[in-house]
Amino acid sequence: NTNRRPNVLVSLSMTSYGRGFYMEGSLSASVPLPKGPEEYEGAFFQIVHEFTHQLTDSLLDHNIRIDDGSHELSEDIVAVADYYIFQQLDSKRVESYLQWINQAFDKKLTSNEISSSFSLPKNISSSLLELVNHLCQY
């Protein structure tokens with residue numbers, strides 16, 4: 001269901017990253033409180049990242065765990081999904097998003113390398129494209 005309202009909490013105690021959480025009828029995330037305007041865009045990207053997990057994690061068809069590599073795969077799926085979403089809905093942010101991804105994932109990607117840098121299984125890749133196209137129709 002993609003008809004959920006956004007719900008964002010900012011936290012003084014979180015120092016990095018963010019956390020998505022379940023709340024019926026919403027896409028919910030908690031992120032660190034930005035220290036100033038220079039951190040607003042990074043916080044925005046983190047919020048979108050956490051929201052996207054709630055829409056894409058089901059593509060894995062099993063519980064996500066650290067020890068079996070599924071957590072890393074879920075992060076890669078979200079990185080690619082958000083790139084496609086920004087490409088379609090807010091292309092002016094693509095370069096800034098890539099800078100954020102490069103910092104968050106310790107990479108040095110350009111827009112030509114994003115999908116090849118995150119190797120997604122073909123079935124997940126096609127399902128992801130369908131999902132992103134569906135999301136971007138609204």
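How do the residues lining the second largest pocket divide into nonpolar, polar and charged? Hold that thought while you set up.

This is a predicted model, where local features need pLDDT of at least 70, side-chain atom pairs count only at pLDDT 80 or more, and totals for chains, interfaces and linings use all residues. Residues are numbered from 1 along each chain as its sequence is written, and side-chain values use heavy atoms, without hydrogens and water.

**Stop 1: the strands.** Select β3 (26-32). Strands here are DSSP runs of E, at least two residues, and helices are runs of H or I, at least four, numbered from the N terminus. Seven of the seven residues of β3 are buried, meaning under 20% relative accessible area with a 1.4 Å probe, protein chains only.

Seven bridges join β1 to β3, and the two run parallel. Strands pair if DSSP finds at least two bridges between them. Find P6: L27 in β3 stands opposite.

Next, show β2 (19-23). β2 and β3 run antiparallel, joined by five bridges. R19 has S30 in β3 as its bridge partner. In the hairpin of β2 and β3, pick G25, which takes a positive phi near 80°.

**Stop 2: the second largest pocket.** Select G18, E50, H53, H71 and E75. Of the 17 lining residues, these lie nearest the pocket's centre. A pocket is an open set of points on a 1 Å grid over the protein atoms alone, where a 1.4 Å probe fits, with protein on both sides within 12 Å along at least five of seven lines; lining residues have an atom within 4 Å of a point. Colour α1 (40-56). α1 gives the most to this lining, with five residues.

Back to the opening question: five are nonpolar, eight polar and four charged. Ala, Val, Leu, Ile, Met, Phe, Trp, Tyr, Cys and Pro count as nonpolar, Asp, Glu, Lys and Arg as charged, and the others, Gly among them, as polar.

Definitions and conventions
Buried means under 20% relative accessible area, exposed over 50%, partly exposed in between (1.4 Å probe, protein chains only).
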